[in-house]
Amino acid sequence: MKDKVTSLDVAQRAGVSRSAVSRVFTPGASASKDTAAKVMAAAHELGYRPNTLARAVVTGQSQIVGLVVRDIDNQLYPRAVEGLCLALQARGYHVLVFMANGADEDIAPTIEELLAYQVDGIVMASVGISDAISSRCEAAGIPVILFNRGQGDPRVSEVTSDNYAGGRTVAGYLADGGHRRILHISGAQTASTGRDRAKGFVDGLKERGLSPVAVKDAGYDPEAAATIARRAFTACDRPDAVFVGSDHMAFAVMDVLRFELGLAIPDDVSVIGYDDVSVAAWPAYALTTIRQPLQEMTRVAVDMLLARIAQPAVPARVVLPGHLVIRESARQSKGAVR
């Protein structure tokens, strides 16, 4: 069996020190162009591949970030994963992506596996974290960033859009458009995003002397949202508008309203979603929705994580503004501007 090529073999072939080889293969480390060229040529000739995990044992840093994501069917999260991965890779980090299944309480085995990989930090997209896991990561010195989720845990950082303000904006737009019987099909009330959007919406209507005909939790499940829509819009006193807590659910609701119940959007009922995923702009939906500032959220999350990896700091919470994107799915007030 062929002996494994080591960094010492590369150093000897290149005529440089072993530490020089290490610097060449360490993202962000300093090495001259001449040294880097010699090392890379020697590594290519010998078939050398650096052992990232072994280096982590020596240096205490693996240059690996764990990314835990849920709801990959929702088009927001593939975009978020892509943005986070590209931003981290541009900063010299490798990304391990793990899918979360089940409730937040069931995430413990996934976190333990990430810690076994000696990750430098963890980003959790649309996934909460238990007190026990927060304590485990804190004890291990691993910073955790919650992306598009907040829970007020002082041991972890959070990056979200202003979901409460988004809900209030939707309430004002529908009220100004003359709607009076407004249904809210919400995201999961166990998640901060669903709770905050619903609260902002209810408070926004209250400011205008209105209240929703109902707030129904669909748990970010399009099928559940479709079922709620069927029941609500076959009643004799059907709503004249519906605010759906995510675009992913809103598409299913619109399909039920148009193709099963024969209702015209927005003539018979107005529909507003949340997130502004790419399909929302398709002419088939032309969905009025709240746009989450995904690019800015990604940038802030990566900057925050790397800053905490470089120097332990008190976790922070960052809330970024979204804005209403007006399309064709909701009736407008006379003064509305696109």
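Colleague: At 48% relative accessibility, what does Glu207 count as?

Modeller: Glu207 counts as partly exposed at that value. Buried means under 20% relative accessible area, exposed means over 50%, and partly exposed is in between, with a 1.4 Å probe and protein chains only. This is a predicted model, so local features need pLDDT of at least 70 and side-chain atom pairs count only at pLDDT 80 or more, while totals for chains, interfaces and linings use all residues. Residues are numbered from 1 along each chain as its sequence is written, and side-chain values use heavy atoms, with hydrogens and water left out.

Colleague: Which residue forms a salt bridge with Glu207?

Modeller: Arg168 does, with the closest N and O atoms 2.8 Å apart. The pair ties together parts that are 39 residues apart in sequence, because Arg168 lies in helix α8 (residues 163-176) and Glu207 in the loop between α9 (192-206) and β7 (214-217). A salt bridge here is a side-chain nitrogen of Lys or Arg within 4 Å of a carboxyl oxygen of Asp or Glu. Helices (H or I, at least four residues) and strands (E, at least two) are DSSP runs, numbered from the N terminus.

Colleague: How many salt bridges does the structure hold?

Modeller: The structure holds 18. One of them joins the side chains of Asp276 and Arg291, at 2.5 Å from N to O. This pair links distant parts of the chain, 15 residues apart, with Asp276 in the loop between β9 and β10 (288-291) and Arg291 in strand β10.

Colleague: What do Asp276 and Arg291 count as?

Modeller: Asp276 is buried, at 8% relative accessibility. Arg291 is partly exposed, with a relative accessible area of 33%.

Colleague: Switching to strands. In what order do the 6 strands of the open sheet come?

Modeller: The order is β2-β1-β3-β4-β5-β11, and the pairing is parallel. At the edges are β2 (94-99) and β11 (317-320), each pairing on one side only. Two strands pair if DSSP finds at least two bridges between them.

Colleague: Where does Ala125 have its bridge partner?

Modeller: In β4, where the partner is Phe147. Strand β3 (residues 121-125) and strand β4 (residues 144-147) pair in the parallel sense over 4 bridges.

Colleague: What about β8: which way do the side chains point?

Modeller: In strand β8 (residues 241-244), Ala241 and Phe243 point one way and Val242 and Val244 the other, and all are buried. In a regular strand the side chains alternate between the two faces of the sheet.

Colleague: Which strands does β8 have bridges to?

Modeller: Strand β6 (residues 182-186) runs parallel to β8 and is joined to it by 4 bridges. Another 3 bridges join β8 to strand β9 (residues 270-275), also parallel. Val242 is the bridge partner of Leu183, and in β9 the partner of Val242 is Val271.

Colleague: How does the chain cross from β8 to β9?

Modeller: It passes through helix α11 (residues 247-260), and this β-α-β crossover is right-handed. That means that, with the strands pointing away from the viewer, the path from the first strand over the helix to the second runs clockwise.
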